[in-house]
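The sequence and structure come first.

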Amino acid sequence: MIDRSTIEKILDAAKIVDVIQEFVPLKKRGVNYLGLCPFHNEKTPSFTVSPSKEIFKCFGCGKVGNSVTFIMEHEHLTYPEALKYLAGKYHIEVVEKEQSPEDIEKQDERESLLVMTSYAARQFVENLLHTDEGISVGLTYFKERGFRQDTLTKFEAGYCLEKRDAFSVKALEDGYKKEFLVKSGLSIQHNDHIFDRFNGRIVFPIHSLSGQVLGFGGRILKSDPKSAKYINSPESEIYHKSRILYGIYQARKSITQEDCCYLVEGYTDVMSLHEANIENAVASSGTSLTREQVRLIKRFTQNITILYDGDPAGIKASIRGIDLILEEGMNVRIVLLPNGEDPDSFSKKVSNEEFNRYLKTNETDFIRFKIRLLIEEARDDPVRKANIIRDIVKSIAVIPETITRTVYIKECSVEMEVPEPVLYHEVNKLRQQKSFQDRNKYPAPEDLPLPPPESVKPLRPKTVSLYSEKEIIRLLLKFGSEEFDRQIRKEDGKEEVVTISDYIVKEIVSDDLSFDDTICSRIFEDFRFHVEQGIFPGDKHFVKHEDPEISMLSADLLSDSHELSKIWMVKHTYVETEDMKLKDIVPDAILKFKSDKIIALRKVIMAELAEAVRSGDADRILSLQKRYNNLSVALGLISRKLGNRILL
């Protein structure tokens, strides 16, 4: 357990814009910040961050919370893990209470695996830099390839000793469990023996967006036809190779700043680009590009530039997967490197300035690149040319934006010598196919007028009083410290200020009312305690509450979907805002809250009355009827005060 005072230090230090900007590019919009939501796929930004309230909310998918809940959701961490992440970011020492053996036994498997991979990364670095074998084999290899020490440190490159069980034995001696060595993929168990997966290889740690080591890639240095040149960690609870990109942790800030991401194939390609002062580079680590990887890049930029070496066969094999990028509405450009060169080798042959200049001057739009690459195959063969046109039309069809599709159709028409109407017909025919709609999930409105199926979401059933309960809590959170009234005290004749929270708490407590929703109830009781002490807790107390449920509901209720346009101030136009009408809004909210409670209670009484009638209990029937009538009278009075807005 993390000490309470440590939690408070972490929550006070964590600035929500700083935290979220590490993962999501944000642009200032008025007093808030706006970006593309990292929790669902969207083309129009609806993810809002409020630095003053220290909350985020996506008005598309509804995700909401504070700095801690963002890290929990984004990195799939527990509450303590998210706190530790933020503590590391702000250099806060984490003070923990001593754990019992039972607590240690129950540690989350994911956390244990992350501890295991973090240890392994440190051990591999130690091997590379401070063992005779690591220096003579691993470090020599890196130096011969021209890599600087600061680059090796930046990427935590390491070396696994050649002895088959050296790492596994060392880890077991240091107290790490065999179970997690095997589950993390660092070790392989065969019968009663355990040996290292990466023995005799240089090792490249693969980091999450937050810098945690999820898995490893290893390259063998000796010529061995029986062994694969590169191997990766197997899929595990923490490592899914289709969802992560090598170098994304080191590149994320540069991608945002440059508004572009360079996509290469290998680990050393990424490292070489960083040495050439091109830090916005990532690699798919030898796997075919996946939708998850594309969306990971899309969090930071809409622009991807893919670097290819001069091998035509390799290019043709890999460009088939690039339609995924186009489907996401992103801009794809290609740079073809000189024949026989890859990003690693070419960046080391020329100066940094020449390499950067080459990338800028040799960028080609993907569709044009594909047309020119494939058209050479067709030459005068009409059948092959027709197949190539169909292939290119498929790539154009997946682009979600109408204008972009139109531009490419015109380009394709000129390059392929095909009339535009024919291409339009083929594109629209493809986009109207059900299989295409299911795959892309956002058909263009001009081609398919029906909305995508996932846009219609069933509403969750709500209790009668939940809306009014949340409204009471919202008013307390947002305006609790505001003045509601002034009264003269009978005891000493002094004027006393009555705040919104004073008024609301008194009205609810005096009528002995309670909240059905457990989270609203906990927040109200916290407010009640502070009001009785003459203290206002403030909205940050709840937004940064150690109870994630309280924190998330508070953030949700404090988030505003709209803010007043500056044009009204410029034109000196009077606009009545909510805080100007609190003397009307707050009493109405209290009355609505009370009316909902009465309506709910009348339903209970009606059920009890039916039971009393069945049992023939005359006294109970009379008592219940009296209670029901009294409640109906009270409800009628409330309804008249609210302008007869309640159905009696």
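## Cysteines

The sulfur of Cys-261 lies 6.9 Å from the closest cysteine sulfur, which belongs to Cys-260, and this is too far for a bond. A disulfide is a pair of cysteine sulfur atoms within 2.5 Å. The structure holds 0 disulfides.

Cys-261 is buried, at 0% relative accessibility. Cys-160 is also buried, at 1% relative accessibility. Buried stands for under 20% relative accessible area, exposed for over 50%, and partly exposed for values in between, with a 1.4 Å probe and protein chains only.

## Basis of the model

This is a predicted model, in which local features need pLDDT of at least 70 and side-chain atom pairs count only at pLDDT 80 or more, while totals for chains, interfaces and linings use all residues. Residues are numbered from 1 along each chain as its sequence is written, and side-chain values use heavy atoms, with hydrogens and water left out.

## Salt bridges

A search of the whole structure finds 35 salt bridges. The term stands for a side-chain nitrogen of Lys or Arg within 4 Å of a carboxyl oxygen of Asp or Glu. Helices (H or I, at least four residues) and strands (E, at least two) are DSSP runs, numbered from the N terminus.

## Glu-328 and Arg-291

Glu-328 and Arg-291 form a salt bridge through their side chains, at 3.2 Å from N to O. Arg-291 is in helix α13 (residues 291-298) and Glu-328 is in the loop between α15 (323-327) and β15 (331-336), so the pair ties together parts that are 37 residues apart in sequence. Glu-328 is buried at 1% relative accessibility, whereas Arg-291 is partly exposed, with a relative accessible area of 21%.

## Lys-594 and Glu-507

In the salt bridge between Lys-594 and Glu-507, the closest N and O atoms are 2.8 Å apart. Lys-594 sits in helix α29 (residues 582-615) and Glu-507 in helix α24 (residues 500-510), so this pair ties together parts that are 87 residues apart in sequence. Lys-594 is buried, with a relative accessible area of 13%, and Glu-507 is partly exposed at 23% relative accessibility.

## Lys-410 and Glu-420

Lys-410 and Glu-420 form a salt bridge whose closest N and O atoms are 3.4 Å apart. The pair links distant parts of the chain, 10 residues apart, with Lys-410 in helix α20 (residues 402-416) and Glu-420 in helix α21 (residues 420-431). Lys-410 is partly exposed, with a relative accessible area of 40%, and Glu-420 is partly exposed at 24% relative accessibility.
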